[in-house]
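Trainee: Could you take a close look at the part of this model that surrounds the ligand, and then connect it to the sheets and helices around it?

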Amino acid sequence: MSLEAATQQSVPKDGQPSMIRLEGIVKRYAIGDGVVAALNGVDLVIDRGEFVSIMGSSGSGKSTLMQILGALDVATEGSYELEGYDITRLPDAELARIRNQHFGFVFQAYNLFPELTALENVEVPLVYARIAARVRREQARAYLEAVGLGDRMGHYPMQLSGGQQQRVAIARAMVTEPTVLLADEPTGNLSKEGGDEILSLFDQLHEQGASVVLVTHDPRVGAFAQRCVKLSDGQVISDDWVQQRTILEIA
Ligand SMILES: Nc1ncnc2c1ncn2[C@@H]1O[C@H](COP(=O)(O)OP(=O)(O)OP(=O)(O)O)[C@@H](O)[C@H]1O
Ligand SMILES: [Mg+2]
């Protein structure tokens with residue numbers, strides 16, 4: 001069954017399903033003889049167009065939650081509905097297709113291919129999506145221009161600053177036009193100014209309709225989102241609208 005058909009089936013009568021609905025998510029890892037619960041019963045709903053930050057101390061389960069949100073990993077217990085379609089336990093190939101269609105990922109360490117140019121890096125997800133070479137190149141170029149790197153397309157990652165590498169990673173995450181951008185500590189390796197440039201890009205993407213979920217340790221970055229979810233020991237301990245949103249110092 002296609003995702004579209006399945007979505008039609010499970011649309012509640014009172015309207016559209018939530019974009020993301022996690023219920024009772026538990027994630028356990030076996031370590032030696034023991035078991036670690038990285039997530040311990042997480043309920044979370046994220047709707048279209050939201051800008052959410054996820055905060056919590058080291059080891060609280062933020063990255064694990066992002067991996068499950070982005071269908072990079074599956075939960076041990078609980079359910080995950082995406083657009084009303086139960087994706088909790090799909091085979092790997094299906095999950096890969098959903099990832100490619102719905103999610104863009106940005107990581108703290110940029111994760112670019114060192115042997116590919118900026119332009120080629122941005123083209124990678126389009127190769128997986130089987131887009132023709134010429135179209136691919138054009139789209140990658142447009143996204144690099146959108147992140148302000150029109151003059152750096154032929155540079156290799158090591159010839160770019162950290163902030164520029166992260167902008168390449170954002171262009172790569174967005175080039176497939178995902179509905180949700182998932183970013184795990186995207187500003188963690190950057191200066192305040194470099195980080196603010198990245199936040200300002202997220203803001204633009206959000207204005208254009210993308211949903212953004214951002215993991216951060218930095219309360220200033222967390223308060224740049226509209227809503228902040230706090231984790232502790234694998235559980236959601238608060239989920240609030242941000243009262244005073246951070247204003248960036250760059251204009
Ligand atoms: N692959 C794994 N195998 C075993 N345990 C894991 C694995 N991944 C995470 N954990 C454990 O699960 C818990 C949550 O890890 P997670 O990476 O989600 O934390 P985090 O909130 O992202 O922390 P940080 O802020 O340091 O990145 C930790 O106790 C961690 O040791
Ligand atoms: Mg983490």
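Mentor: At least two residues of the shell around ligand 1 come from each of β1 (20–31), β2 (34–46) and α2 (62–69). Helices here are DSSP runs of H or I with at least four residues, strands are runs of E with at least two, and both are numbered from the N terminus. The model is predicted, so local features need pLDDT of at least 70 and side-chain atom pairs count only at pLDDT 80 or more, whereas totals for chains, interfaces and linings use all residues. Residues are numbered from 1 along each chain as its sequence is written, while chains are lettered from A and ligands numbered from 1 in the order in which they are written.

The shell around ligand 1 consists of Tyr29, Ile31, Val36, Ala38, Gly56, Ser58, Gly59, Ser60, Gly61, Lys62, Ser63 and Thr64; a residue is near a molecule if its C-beta atom, placed from the backbone, lies within 6 Å of it. Helix α2 gives the largest share of this shell, three residues. By class, the shell holds four nonpolar, seven polar and one charged residue. In this division Ala, Val, Leu, Ile, Met, Phe, Trp, Tyr, Cys and Pro count as nonpolar, Asp, Glu, Lys and Arg as charged, and the others, Gly among them, as polar.

Strands β1 and β2 belong to an open sheet of four strands, ordered β2-β1-β4-β5 with antiparallel pairing; two strands pair if DSSP finds at least two bridges between them. Its edges are β2 and β5 (85–86), each of which has a single partner strand, so one side of each lacks a neighbour in the sheet. Within this sheet, β1 and β4 (residues 77–82) run antiparallel and are joined by five bridges, and arginine 21 has glutamate 81 as its bridge partner in β4.

A further open sheet has six strands in the order β6-β7-β8-β3-β9-β10, with mixed pairing. Strands β6 (103–107) and β10 (235–241) are at its edges with a single partner strand each, so one side of each is left without a neighbour in the sheet. From one strand to the next the twist averages 15°. Strand β3 (residues 51–55) runs parallel to β8 (residues 211–215), with four bridges between them, and also parallel to β9 (residues 227–232), again with four bridges. Isoleucine 54 has valine 215 as its bridge partner in β8 and valine 229 in β9. Strands β9 and β10 run antiparallel through six bridges, with leucine 231 opposite valine 236 in β10. Their hairpin has two residues between the strands, and aspartate 233 there takes a positive phi near 45°.

Helix α6 lies across β6 and β7 (180–184), at about 165° to β6; axes are lines fitted to C-alpha atoms, for helices over the stretch in contact, and angles run from 0 to 180 degrees between N-to-C directions. Helices α4 (residues 118–128) and α6 (residues 162–174) pack at about 30°, with their axes 7 Å apart. The two are therefore roughly parallel to each other, a term for angles under 35 degrees. Ala118, Asn121, Val122, Val124 and Pro125 of α4 meet Val168, Ala171 and Arg172 of α6, where contact requires C-beta atoms, placed from the backbone, within 7 Å. These contact residues comprise six nonpolar, one polar and one charged.

Conventions. Parallel < 35°, antiparallel > 145°, perpendicular 65-115°, else oblique. Contact = placed C-beta atoms within 7 Å.
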